[in-house]
Amino acid sequence: MKVPEGLTEDQRYDVAIAVLQFIHDRTTEGKNVYGNKWSGKAGQYTKGYAKAKGVSTSGPVDLALSREMLGKMQYFKSLSSDGNIVVGFKAGTKAERKAEGNILGTYGQPSPIPGKARPFLDILQKDVNRIVSEVVDGDES
């Protein structure tokens, strides 16, 4: 994601950690990138999964049982550069496969299930800008 050029290494790290926390919190609240509850098929659980989770099939979908997956999100300092930070999941891990299934809506299937994608890792630039401002303003106090 794009951040202002000229941020120090420490500021990029602080922004990345705050972005990860923002995505984690928003996702566990059952909200999509726009701050709305997941809708359509993405806002529903299968009968079996809802029963196992102890909720209605109509959700709210919060990926809370994916807490282990969400906790594996990380900042990739080595892939980040001036003006950009990279967050995500370590390639080849169970968490990456789980995240990909949610993001694309494949859930272990060879192709996406129409309407089931939950691209929780997305973040709007306005949210990144707000986080950057908080980090930079915090450094100036």
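**Contacts, exposure and core**

Modeller: The side chains of Lys126 and Asp127 meet in a salt bridge, at 3.9 Å from N to O. The structure is a predicted model, in which local features need pLDDT of at least 70, side-chain atom pairs count only at pLDDT 80 or more, and totals for chains, interfaces and linings use all residues. Residues are numbered from 1 along each chain as its sequence is written, and side-chain values use heavy atoms, without hydrogens and water.

Biologist: Why is the contact of Lys126 and Asp127 called a salt bridge?

Modeller: The term requires a side-chain nitrogen of Lys or Arg within 4 Å of a carboxyl oxygen of Asp or Glu. The pair Lys126 and Asp127 has 3.9 Å from N to O, so the contact qualifies. By this rule the count comes to 4 salt bridges.

Biologist: How do you know whether Lys126 and Asp127 are buried or exposed?

Modeller: Relative accessible area decides (buried under 20%, exposed over 50%, partly exposed in between; 1.4 Å probe, protein chains only). Lys126 has 58% and is therefore exposed, whereas Asp127, with 9%, is buried.

Biologist: What makes Glu134 and Arg130 a salt bridge, and where do they lie?

Modeller: Their closest N and O atoms are 3.0 Å apart, so the pair meets the limit. Both belong to helix α5, where being 4 residues apart separates them by about one helical turn. Helices are DSSP runs (H or I, at least four residues), as are strands (E, at least two), numbered from the N terminus. Glu134, at 48%, is partly exposed, and Arg130 is partly exposed at 34%.

Biologist: What makes Asp14 partly exposed, and in which helix is its place?

Modeller: Asp14 has 34% relative accessibility and therefore counts as partly exposed; its place is in helix α1.

Biologist: What is the largest nonpolar core made of?

Modeller: A nonpolar core is a set of buried Ala, Val, Leu, Ile, Met, Phe, Trp, Tyr and Cys residues joined through side-chain atoms within 4.5 Å. The largest has 29 residues, and Val3, Val15, Val19, Met73, Ile85, Phe89 and Phe120 touch the most other members. Helices α1, α3 (67-71), α4 (94-104) and α5 each give two or more residues, and α1 gives the most, with 5 residues.

Biologist: How many helices and strands does the protein have?

Modeller: The protein has 5 helices and 2 strands, in the order α-α-α-β-β-α-α from the N terminus on.
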